[in-house]
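Work through the exercises below with the sequence and structure in view. Each task is followed by a solution in steps.

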Amino acid sequence: MLRIAVQKSGRLYEDSVKLLKECGIQLNNGYGQLKTKAENFPLEVFFLRDDDIPQYVFDGVADIGIVGENVLLEKAKEIDIIFRLGFGKCRLSIAVPKSFVYEDLQSLNHLKIATTYPNILQQYLNKNNATAEIHEISGSVEIAPSIGLAEAVCDLVSSGSTLFTNGLKEVEVVLASEAVLAVNKNLASEKTDLLNKLLLRINAVKTAKNNKYIMMNAPTHQLENISKLLPGMKSPTVVPLAENGWSSVQTVVNENEFWDVIEKLKQYEAEGILVLPIEKMIV
Ligand code: PRT
Ligand code: ZN
């Protein structure tokens with residue numbers, strides 16, 4: 001049995017549970033439940049506060065965990081990141097009041113930065129030979145400058161609206177973070193086998209999300225151009241149409257290249273282009 005720790009409630013809860021479900025793992029978890037066993041995979045799920053997950057994985061109480069990289073680095077536990085999951089994206093940034101004249105980190109020398117991330121921030125200051133003073137607090141970081149607790153803050157940012165509404169401007173990105181799958185360093189071999197099975201599924205789900213299946217009709221004299229443009233997983237599937245001189249072409253395109261590819265396909269006289277989502281993709 002593999003044991004996974006996920007956030008009990010909060011920003012990572014839904015995406016974590018959704019990922020397991022997309023991997024075909026059935027959980028019948030009621031909200032607020034502390035642990036559950038999957039019905040169709042040897043997996044036990046522990047629901048915990050995100051701050052506790054690195055310790056549980058380090059101690060081996062859980063074998064793996066889904067947690068923000070920011071939390072993992074702050075707790076500085078000796079555990080490995082095995083997969084970057086692509087959700088829970090945010091950045092840990094330094095921000096100052098809008099009126100503060102900021103040039104670089106040295107502008108904060110001998111001033112106070114309020115944060116709940118003292119370790120990551122200290123490393124960043126050391127790396128940049130900056131001498132700002134860290135003032136550790138446990139929450140509501142964004143109000144620290146307005147109540148005179150500190151001249152600057154270091155906090156997580158996603159849309160930036162919290163900083164904006166508190167009259168702050170972002171001046172340094174200390175860390176770009178996302179949810180990661182973290183793993184205990186001493187997994188028994190039967191657990192490693194289960195983890196590899198889970199990773200195969202996570203990979204299939206994530207790869208599928210980054211790709212689209214496209215189908216189109218194209219004049220046969222353009223097939224060579226189109227095949228060069230669309231390598232697909234091996235090469236595109238080409239099927240002749242009933243109408244002479246035309247073929248149906250089907251392939252997989254990466255999301256990042258998608259619009260460039262579509263523009264070029266139009267230049268190569270492709271018509272009736274259909275785009276379909278892929279549920280799982282095993283390469
Ligand atoms: O109860 P528990 O301890 O488990 O949860 P928590 O309250 O400590 O964490 P939670 O659920 O808020 O966040 C869990 C993880 O989500 C974090 O560790 C990050 O990895 C990730 N994440 C992604 C964020 C954000 N985006 C985020 N925007 N975590 C927090 N925020 C907060 C930020 O602290 C600030 O208060 O949102 C505010 C800023 O948001 P914007 O959109 O206004 O910029
Ligand atoms: Zn927390």
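**Exercise 1.** How do the residues of the lining of the largest pocket divide into nonpolar, polar and charged?

Solution. The model is predicted, so local features need pLDDT of at least 70 and side-chain atom pairs pLDDT 80 or more, while totals for chains, interfaces and linings use all residues. Residues are numbered from 1 along each chain as written, ligands are numbered from 1 in the order written, and hydrogens and water are left out of side-chain values.

Step 1. The lining holds 13 nonpolar, 17 polar and 11 charged residues.

Step 2. Among these 41 lining residues, Arg11, Asn70, Tyr117, Asp155 and Leu156 are the closest to the pocket centre.

**Exercise 2.** Which domains each give at least three residues to the lining of the largest pocket?

Solution. Step 1. The domain assignment, automatic or from a database, lists domain 1 (2-88 + 178-208), domain 2 (90-177) and domain 3 (211-277).

Step 1. Domain 1 and domain 2 each give at least three lining residues.

**Exercise 3.** Which residues coordinate the zinc ion (ligand 2)?

Solution. Step 1. Asp50 and Asp51 coordinate this zinc ion through OD atoms, at 2.0 to 2.1 Å. Donors are N, O and S atoms within 2.8 Å of the metal (3.2 Å for Na, K and Ca); water is not among the atoms, so sites may look incomplete.

Step 1. Asp51 counts as partly exposed because its relative accessibility is 29%, between the limits for buried (under 20%) and exposed (over 50%), with a 1.4 Å probe and protein chains only.

Definitions and conventions. 1 Å grid on protein atoms, 1.4 Å probe; cavity = no way out; pocket = protein on both sides within 12 Å on 5 of 7 lines; lining within 4 Å. Nonpolar A, V, L, I, M, F, W, Y, C, P; charged D, E, K, R; others polar.
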